[in-house]
Structures are given as structure tokens and as C-alpha cells.
Amino acid sequence: MRNAVIAAIALGLVGCNRPSDPPAGHDSKNMPGHTGPEGHDHEASKERAFHAQEHEEQAQAFADHRGRGHHKHHRFTNAAEWTAQFDSPDRAVWQKPDEVVAALKLTPGMTVADLGAGTGYFTMRLAKAVPEGRVIANDLEPDMVKWIGERAAKEGLANVTTVEGASADPKLPEGLDVALMVDTYHHIDEPSRFFGKVRDALKPGGLLVVVDFKKDAPEDAPGPPAAMRVDDAIVAAHLQKLGLTHERTDRELLPYQYLVFMRKPG
Ligand SMILES: C[S@@+](CC[C@H](N)C(=O)[O-])C[C@H]1O[C@@H](n2cnc3c(N)ncnc32)[C@H](O)[C@@H]1O
């Protein structure tokens with residue numbers, strides 16, 4: 001199993017379609033079928049519990065592998081090119097951004113981080129959801145950070161602050177109520193160091209939500225190829241090892257992605 005994970009990581013050096021790639025299929029006939037909420041499917045729960053140890057080992061292998069610098073994610077250097085893909089109106093059909101933001105149960109004064117914010121697809125929506133609070137938009141790429149700053153100004157959203165992070169340090173201020181990471185977990189080179197910093201920046205009781213592509217979504221679903229997708233149980237096991245509590249995983253809200261909810265103990 002460990003070898004399979006390493007092979008998957010080695011294959012998965014590209015995470016998203018390049019801007020020049022044709023848009024991935026959004027045809028509703030490609031939507032995976034659902035057999036009922038994951039958390040309520042007894043057999044599925046048993047299966048997942050049974051493999052918990054294996055997932056932990058995979059999570060460790062995943063983190064170790066990246067920690068040794070074997071994984072190099074591709075860069076997102078040019079925001080003007082990526083916006084066509086990230087901000088495409090077609091994306092809303094499966095990304096359901098308003099439903100994702102609603103699932104965070106934000107209140108108007110909260111401080112929220114958008115981790116790996118890209119061109120600000122979620123940042124702008126989060127900023128509208130916390131009009132008396134603040135959104136910290138973090139990205140590794142200077143051009144993404146600049147783009148978000150300009151976009152927030154154009155959209156009249158004064159409560160957005162941008163932060164250019166480092167690979168292993170998002171450089172967040174302390175006191176976050178919520179941190180959201182969308183379609184980015186599989187790109188993080190040093191996840192243990194990175195999420196250790198996220199944990200430290202969260203308030204006691206604060207929430208981290210990771211949204212990423214389901215391992216078992218169809219190969220032609222939007223997002224990275226299946227070999228590069230990280231199973232939600234691996235994400236939860238990895239973040240648990242860092243001291244966060246796994247509250248729940250939602251595999252029903254979105255057709256191709258899961259949402260993993262992790263809470264910093266209060
Ligand atoms: C696929 S995009 C997702 C953008 C955005 N979250 C969205 O949903 O539209 C991944 C983003 O993560 C950023 N990224 C990758 N590694 C990062 C890291 N270690 N810290 C911060 N951002 C990172 C990339 O520069 C890119 O903008």
C-alpha cells in the first residue's frame with residue numbers, strides 16, 4: 001500500500017489542468033452516484049475505521065515523502081492566465097461556492113483565512129460573509145497575492161488582507177476563527193510544517209476546513225488526475241496527528257470534492 005501511495009505521489013506532479021488545457025468535463029452525466037451520507041453508511045464507516053491505521057501510515061508516508069523534498073508542485077505564477085480556469089462561471093456548477101461558504105457557519109465579525117487563495121474565488125465570497133470581520137488571503141505566489149489585493153479593491157472589499165506565505169509557513173496572524181483551504185491540500189510540499197502553523201494561528205475552538213477532490217471521483221472529473229488526489233481519510237488522519245480534532249467529513253455537498261472539518265481543541 002505504501003508503495004502505491006508513493007507511486008501516486010510521484011505520478012501526481014501536476015495538480016490542476018494548465019490554463020491551456022481544455023476545461024474538464026462538467027457534464028452532469030459524469031456526476032458520481034451517491035449511496036447515502038458517508039457518516040450514516042454503517043458498512044462504509046466500519047470499512048473506514050478498519051483502515052484507520054493504514055490511513056495513518058499513508059498519511060505519514062505522504063508527509064515524509066514531501067518533507068524530504070521529493071514532491072515539487074507546479075507553480076501558479078501568472079494569475080491573469082489562471083483566472084480563466086479558477087473563476088470560470090462553469091466552475092460554480094460543481095464547486096457550489098455559496099454552499100461551501102454557508103457550510104462554514106460564519107458570523108459577521110469573524111477572522112477567516114483563505115489558504116492557497118489563488119485568484120480569490122473564495123476570498124471575495126468570504127469577505128462578503130464577514131463584513132465586520134477580516135479575511136486573510138494567503139498564497140505562495142506573489143502574483144496571486146497582488147491579483148487578490150487588486151481584485152478586493154476593485155470589488156470594494158476593504159476587509160481583505162493579503163499574505164504572501166512561504167512553502168512551509170503560511171505566515172498567518174494569530175486569532176483565526178476559521179481557515180479554509182480549497183483544492184490546495186494536494187499541492188502543499190511540507191504539509192506537517194504548514195498545517196502546524198495553521199493550527200497555531202487558529203483560536204482555541206477554531207475550525208479548519210479542507211476541501212479537495214475525492215479519490216474515487218471519475219478520472220475525467222474536474223481537478224487533478226486520480227493519482228494525485230488525496231483521500232479524505234488521509235487528510236483527516238494527518239491533521240489529527242497535528243493535534244486537531246476530526247469533527248466530520250462531508251462527501252455529499254459537492255459531487256467531486258469532500259469537505260474535512262477539523263477543530264482546534266478549546
Ligand atoms: C488549485 S489553486 C486553488 C486556488 C483557490 N483556493 C481556488 O479554489 O480557486 C492552488 C493554489 O495554492 C497555492 N499554493 C500552493 N502551495 C502553497 C503553499 N505552500 N502555501 C500557499 N499557497 C500555496 C498555489 O499558488 C495556487 O494559487
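How many Å² does the accessible surface of the protein come to, and what share of it belongs to carbon and sulfur atoms? About 11900 Å², with 54% on carbon and sulfur. Keep in mind that this is a predicted model.

**Figure 1. The whole protein, before zooming in.** Ten helices and seven strands make up the set of elements here. Out of 266 residues, 51% are buried. If you take the contacts with a separation of 6 or more, 75% of them come from residues 24 or more positions apart. Salt bridges number 13 in the structure, and the next views pick out some of them.

**Figure 2. Arg251 reaches Asp216 from another loop.** Here the side chains of Arg251 and Asp216 form a salt bridge, with N and O 2.8 Å apart. The pair ties together distant parts of the chain, 35 residues apart. Arg251 sits in the loop between strand S6 (245-250) and strand S7 (257-263), while Asp216 belongs to the loop between strand S5 (202-213) and helix H10 (232-241). The 2.8 Å approach of the two side chains also counts as a polar contact. What about burial: is Arg251 buried or exposed? Arg251 has a relative accessible area of 10%, so it's buried, whereas Asp216, at 53%, is exposed. The cut-offs explain the labels: Arg251 is buried because its 10% falls under 20%, and Asp216 is exposed because its 53% is over 50%.

**Figure 3. Arg193 pairs with Glu190.** Their side chains meet in a salt bridge, at 2.8 Å from N to O. How exposed is Arg193, in terms of relative accessible area? The value for Arg193 is 54%, so this residue counts as exposed.

**Figure 4. Asp200 and Arg199 make a salt bridge.** The closest N and O atoms of Asp200 and Arg199 lie 3.0 Å apart. Both partners land in the middle category: Asp200 is partly exposed at 43% relative accessibility, and Arg199 is partly exposed too, with a relative accessible area of 25%. Why isn't Arg199 called buried? Because buried means under 20%, and Arg199 comes in at 25%.

How values were computed: Residues are numbered from 1 along each chain as its sequence is written. This is a predicted model: local features need pLDDT of at least 70, side-chain atom pairs count only at pLDDT 80 or more; totals for chains, interfaces and linings use all residues. Side-chain values use heavy atoms; hydrogens and water are left out. A salt bridge is a side-chain nitrogen of Lys or Arg within 4 Å of a carboxyl oxygen of Asp or Glu. Buried means under 20% relative accessible area, exposed over 50%, partly exposed in between (1.4 Å probe, protein chains only). Helices (H or I, at least four residues) and strands (E, at least two) are DSSP runs, numbered from the N terminus. Contact means heavy atoms within 4.5 Å. Accessible areas come from the Shrake-Rupley method with a 1.4 Å probe; for residues, only the protein chains shown count as cover. A polar contact is a pair of N or O atoms within 3.5 Å; within protein, one must be able to donate a hydrogen and the other to accept it, and residues adjacent in sequence count only if both atoms are side-chain atoms.
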